[in-house]
Amino acid sequence: MAQGPMRSVHEHLEAVLGDLSPRAPELTAVDETIGLAVAERVVNDFPLPPFTSSAMDGYAVRLSDVEVLPATLPVPVDLPAGSALAVRLVPGTAHRIMTGATVPEGADAVIPVEWTDAGAHRVVIEHMPAAIAPGLNIRPQGDDLPTGEQLADVGDVVDAPRLALMISAGISRVAAYPAPRVAVVSTGDELYPLGKPLPPGGIYDSNGYLIAALVAQSGGRVARRVRLADDQQVATELLQSIASEVDLIVTTGGVSAGAYEVIRDVFAKLGTAEFTSVAMQPGKPQGLGTIGGTPVITLPGNPLSAMVSFHLFVGPAIRTLGGQREVMPARARLSTTVELDSRPDRVRYLPAVADLLRRTVSTTARHGSHRSSVAVGTNSLIEVPTAQAQLVAGTEVEVVLIPAR
Ligand code: AMP
Ligand code: MG
């Protein structure tokens, strides 16, 4: 373990992010960009909506023709949505029109069918509110977005509304940063795959699944998921070959000070590595390095330590590799519902339930880095700074909100 003062969480984050950068953008079918960051400025080359359309089922009219009620008008034209008829409203008539259909030129209002007798060839407009302005129930061309507006900028992640907007604008392909390929590596002779009975001393490799799920939630693609026994020779060869296939390797376990710490041993042979103590709890033993130029982040093996470290360091790293602009999780100041203890030397991170409606945050008292059950059902981490006077219930505390996907 490194001697000297512990590194702060922020210092370690800076070391992790270092000079990570995304792979070259790829021209991508727009419907395959959900969760990816866009790598160009995307603009619309026609207005939205593309034509002036009706917001209601009703009758397109000139308001000057319906000043006196009831007004009876002939209906010479029927305009269903999608109708390609380019028509002019004949003065003194009404055109029956459906929601989304092109409003005929010369019409300055659409009278909702509810105000009429709903006639097909001749309509009686029976009642209307007193003051009606021109443009009633008409959506002008470009009312949502005029031509040339920015639909996405470099680093914006495509979510459902942005995807829909780009599709409305007819954009079929977009330059996007590819999802980073991530290898998830679990280490330890005690680990067994699911489906085999556990021998004495064995545990299931839950971290492999935990980290793989978090990688996917962060916009990464799990390219490899492997379990390494504490065998230096095998581990060295496997890591070398994996490094050539991925953009990031995330390992759990094997970095503490004990004997049989395979990751530490492998790095001594392959590439560069630095193992440090970070002033946090859980998650003190951290490491990073490269194998064949591929970045490697080594997380401690305790499941809660691995999870907390993932949120603080690996999620931001994956989002950086994915070209995302916002790489850090959101934060909030919320009122704790329970008393919290601080530590003199390490910032504590406590899995918690943030209630953004009530502006409160709750956590259980049963913390311990091996107690992974306390993380179930949580959505955030309370960040307890070092050396605080007692934090009684009701105190405002800093909360890291876990991005949900
Ligand atoms: P280590 O960092 O290898 O010393 O492991 C610390 C603790 O985490 C030990 O109790 C390990 O058994 C446990 N652990 C390590 N890797 C995993 C894993 N992949 N899944 C579940 N527990 C693990
Ligand atoms: Mg181990």
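1. Thr33 first: this residue sits in the loop between strand E1 (26-29) and strand E2 (42-43), strands being DSSP runs (E, at least two residues) numbered from the N terminus. Keep in mind that this is a predicted model, where local features need pLDDT of at least 70, side-chain atom pairs count only at pLDDT 80 or more, and totals for chains, interfaces and linings use all residues. Residues are numbered from 1 along each chain as its sequence is written, chains are lettered from A and ligands numbered from 1 in the order written, and side-chain values use heavy atoms, with hydrogens and water left out.

2. Thr33 counts as buried because its relative accessibility is 0% (buried means under 20% relative accessible area, with a 1.4 Å probe and protein chains only). Its side chain reaches the backbone oxygen of Val30 at 2.6 Å. Leaving aside residues up to four places away in sequence, Thr33 touches Thr28, Val158, Leu163, Met166, Val174 and Ala176 (contact: heavy atoms within 4.5 Å).

3. On to the rings. There is 1 aromatic pair in the structure. Phe267 and Phe275 make it, edge-to-face, at 5.9 Å centre to centre and 65° between the planes (ring centres within 6.5 Å make a pair, and planes over 60 degrees apart count as edge-to-face). Phe267 is buried at 5% relative accessibility, and Phe275 is buried at 15%.

4. Phe275 also has Arg264 over its face, 4.9 Å from the ring centre. Elsewhere, the charged end of Arg225 sits over the ring of Tyr209, 4.0 Å from the centre (for Arg, CZ must be within 6 Å of the ring centre and within 35 degrees of the ring normal).

Technical notes: Helices (H or I, at least four residues) and strands (E, at least two) are DSSP runs, numbered from the N terminus. Buried means under 20% relative accessible area, exposed over 50%, partly exposed in between (1.4 Å probe, protein chains only). A polar contact is a pair of N or O atoms within 3.5 Å; within protein, one must be able to donate a hydrogen and the other to accept it, and residues adjacent in sequence count only if both atoms are side-chain atoms. Rings of Phe, Tyr and Trp (its six-membered ring) pair if their centres lie within 6.5 Å; planes under 30 degrees apart count as stacked, over 60 as edge-to-face and the rest as tilted.
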